[in-house]
Amino acid sequence: MLPSIERAFYTYITAKPEIVAVIGTRLYPNAAPQSATFPYVIYHRTSVDTMYFHLGATATLTSTLQIECFGYEQSASAIKHLASLFRSALGPRLPIGVSAV
């Protein structure tokens, strides 16, 4: 089972019809299977940072996810469009309301 932030990210993205129209269910954690068809997207957590206060560590964590868009026969502009759909869906930060990992 995926950790909370990854599950929440998957649920959030697969609820976006403009993204699903392009990649379907080809949104993979960590790595795509060798049999994956293009285009597809992989995502993985690259860091988890603990927030500190003057008395020490807090219970707040900040996670960073890396998102990579792949296409083989698609043009560069099609993959750039897919990346722009993710940027639009996510905005300046991940709006999925996960408060604990």
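This is a predicted model: local features need pLDDT of at least 70, side-chain atom pairs count only at pLDDT 80 or more; totals for chains, interfaces and linings use all residues.
1. The strands form an open sheet in the order 1-2-3, with mixed pairing. Strand 1 and strand 3 are the edge strands, each pairing on one side only. Neighbouring strands in this sheet are turned by 35° against each other on average, direction ignored.

2. Strand 1 and strand 2 pair in the parallel sense, over three bridges. As one point to check on the model, Pro 29 has Tyr 43 in strand 2 as its bridge partner.

3. Helix 3 lies across strand 1, strand 2 and strand 3, and runs at about 155° to strand 3.

4. In helix 1 (residues 4-14), the buried residues are Ile 5, Glu 6, Ala 8, Phe 9, Tyr 12 and Ile 13. They are on the same side of helix 1 because they cover an arc of only 160° around the axis. These buried residues pack against helix 2 (17-23), strand 1 (27-29), strand 2 (40-53), strand 3 (56-70) and helix 3 (76-90).

5. For the protein as a whole, 26% of the 101 residues count as buried. Among contacts with a separation of 6 or more, 50% involve residues 24 or more positions apart.

Definitions and conventions. Residues are numbered from 1 along each chain as its sequence is written. Side-chain values use heavy atoms; hydrogens and water are left out. Buried means under 20% relative accessible area, exposed over 50%, partly exposed in between (1.4 Å probe, protein chains only). Helices (H or I, at least four residues) and strands (E, at least two) are DSSP runs, numbered from the N terminus. The arc is that of the directions from the helix axis to the C-beta atoms. Contact means heavy atoms within 4.5 Å. Two strands pair if DSSP finds at least two bridges between them. Axes are lines fitted to C-alpha atoms, for helices over the stretch in contact, and angles run from 0 to 180 degrees between N-to-C directions.
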